Each structure stands twice: as C-alpha cells, then as structure tokens.
Amino acid sequence: MIDAHIHLDQFSDEQIAAILSQETLQGVIAVATDLASCQRLLALKQRFPKMHCCAGFHPEQPLPSEAELSALFDWIAKNHHELTACGEVGLPHYLKRENPNLDYQPYIDLLERFIAVSKRYDLPINLHIVYDDALIVLDLLAKYQIKNAHFHWFKASPKVLQKMLATNYFVSVTPDILWNEKTQNVAQLFPLDRLMIETDAPWQHQGFDTCDIVGQLSAVIEKIGELKSLPVELVAQRTHQNTLNFYSVK
C-alpha cells in the first residue's frame with residue numbers, strides 16, 4: 001500500500017525511519033507546506049527510497065512575502081527533476097471560515113502560479129481543495145489543460161461532486177471514512193479506479209497512533225470495501241495501482 005498524502009517532514013527522524021520500515025508500506029507521497037518543508041523532504045528523499053517528494057505551500061496559513069515566494073519557486077525550478085508532484089497547494093477554506101473577510105484573490109493567484117508550474121514541469125498536482133472551492137479550481141485546471149490532479153481528503157456538496165465526477169481527476173480518502181458520512185459518500189460515488197488512500201499524517205485520527213500508517217491505510221481499505229461491497233484484496237490492489245500510475249512511481 002502507498003500513502004497518497006502524508007506530511008512526513010513533520011515527524012522526527014526516528015519516527016520517519018520507523019514509518020518507512022513498515023514492510024507492507026511500499027511508499028509515501030510526501031507533501032510540503034513551505035520552502036523549509038520542501039528542503040527537508042528532498043534531504044529525506046536521499047535517505048529513504050520509499051519516499052516520493054512534492055513541493056508546495058499549504059494554503060491554510062498566512063501568505064508569504066513575494067521574496068519568500070520567489071525563493072520557493074526558484075527552488076522548485078532548480079529541483080523539479082527530483083520532484084514527484086506539486087503539492088500540497090490549494091485554497092484556505094478553513095481559514096476563511098475563521099475569518100470571513102479573508103481576501104481570497106491572492107490565494108487564488110498563488111494557486112494559479114502552482115498550477116502553471118505543474119504544467120511547465122509536467123508534474124501531477126496534489127490539492128487541498130474542498131466544497132465550492134472545487135469550482136474555482138476546476139476552471140483553473142481547465143485553463144492550463146491539467147490532466148493529473150489529485151484532490152486529497154475531498155468532500156463537497158452533491159452539485160460539486162457531480163462536476164468532479166464528470167472529470168478524470170482523482171480523490172483520496174483518510175481514516176475519517178470510518179465515521180464521516182461526507183467522506184463515505186465520496187468513496188461510494190467515485191469509481192474505484194479514481195480512488196487513492198491517505199492518512200494526512202501526522203493528523204490525529206480518532207483511535208489511531210499517528211505513526212501507524214499501515215493500520216490507518218488498512219482501515220480505509222476495509223471501509224471502502226464495505227461501502228462498495230468489494231473484496232478488500234481488490235480495493236487494496238486497485239488503490240495501490242492507482243497511486244503508482246497517477247504519480248508515475250514504482
């Protein structure tokens with residue numbers, strides 16, 4: 001199995017070594033939150049072949065200065081051959097919930113820059129996008145003719161879900177599928193060949209150790225099988241292959 005979205009750099013070196021030593025974990029798609037995160041992930045990639053490195057800026061935080069952004073994009077340009085994807089990038093849905101007056105346009109502009117980068121370097125894009133923000137992003141992805149977009153921990157209204165289903169984009173689900181009806185709905189609606197599994201670790205999912213990546217992913221696989229009335233072995237094989245194919249990793 002492969003974790004399609006994990007913040008590996010937020011663990012200690014000892015925890016990372018323990019996580020990546022789990023035999024049934026074939027790999028992880030490690031997403032970044034800022035330039036320092038990108039730099040640590042690339043350094044970890046040299047030590048751990050199971051780790052696939054992404055570069056991005058997590059949107060649920062204050063925007064960096066233009067100088068900081070220039071440094072980030074310069075780093076991506078220099079190191080894009082070492083990257084598996086552009087991510088985690090997106091829009092600050094939860095930040096705007098806390099601050100309804102938040103100006104969204106600078107975040108949209110930054111996301112468009114990342115989408116342009118993913119197009120320039122032919123990288124898949126790993127997205128932090130939920131609910132109606134998907135409508136904004138679908139327009140941007142169409143503008144740049146992006147083929148490989150992964151909406152992590154996705155949830156949305158029925159109207160937005162239908163628009164997503166009309167695309168070829170992928171979604172992934174976390175252990176909250178065990179109790180969250182919105183996530184369960186996504187897993188039921190999306191065909192198995194467009195589903196991936198993730199932990200978003202070190203996010204704390206109820207009842208799980210944050211370092212037990214295999215345990216979390218196994219629980220997700222079992223629940224998908226239950227919801228779709230499919231054998232667990234089939235769900236495990238398909239979600240694994242989906243991730244390999246989407247991210248072009250071995």
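**View 1. The largest pocket of the predicted model has a volume of about 440 Å³.** A pocket is an open set of points on a 1 Å grid over the protein atoms alone, with protein on both sides within 12 Å along at least five of seven lines. Its volume is the space filled by probe spheres set on the points, which are joined across faces, edges and corners. The lining of the largest pocket comprises 19 residues, and H58, H128, W153, D200 and W203 lie nearest the centre; a lining residue has an atom within 4 Å of a point. By class, this lining has five nonpolar, nine polar and five charged residues (Ala, Val, Leu, Ile, Met, Phe, Trp, Tyr, Cys and Pro are nonpolar, Asp, Glu, Lys and Arg charged, and the others, Gly among them, polar). This is a predicted model, in which local features need pLDDT of at least 70 and side-chain atom pairs count only at pLDDT 80 or more, while totals for chains, interfaces and linings use all residues. Residues are numbered from 1 along each chain as its sequence is written, and side-chain values use heavy atoms, with hydrogens and water left out.

**View 2. The largest cavity holds about 40 Å³ of space.** The structure has one cavity of 30 Å³ or more, a cavity being a set of grid points where a 1.4 Å probe fits but cannot get out. Its lining is formed by F57, P59, V89, G90, Y107, L110, L111 and F114. Two or more of these residues come from each of β4 (85-90) and α5, and α5 gives the largest share, four residues. Seven of the lining residues are nonpolar, one is polar and none is charged. Helices (H or I, at least four residues) and strands (E, at least two) are DSSP runs, numbered from the N terminus.

**View 3. The largest nonpolar core has 74 residues.** Such a core is a set of buried Ala, Val, Leu, Ile, Met, Phe, Trp, Tyr and Cys residues joined through side-chain atoms within 4.5 Å, where buried means under 20% relative accessible area with a 1.4 Å probe, protein chains only. L8, M51, L127, L141, F151, F154 and I224 have the most contacts inside this core. Helix α5 (residues 105-120) supplies the largest share of the core, seven residues. Another core, of twelve residues, lies apart from it and includes I2, I29, V31 and C54.

**View 4. Helix α8 (residues 181-189) has T183, Q184, V186 and A187 as its buried residues.** They lie on the same side of α8 because they cover an arc of only 155° around the axis, the arc being that of the directions from the helix axis to the C-beta atoms. These buried residues pack against α7 (158-165), β7 (170-173), β8 (195-197) and α9 (213-228), with contact meaning heavy atoms within 4.5 Å.

Notes: Buried means under 20% relative accessible area, exposed over 50%, partly exposed in between (1.4 Å probe, protein chains only).
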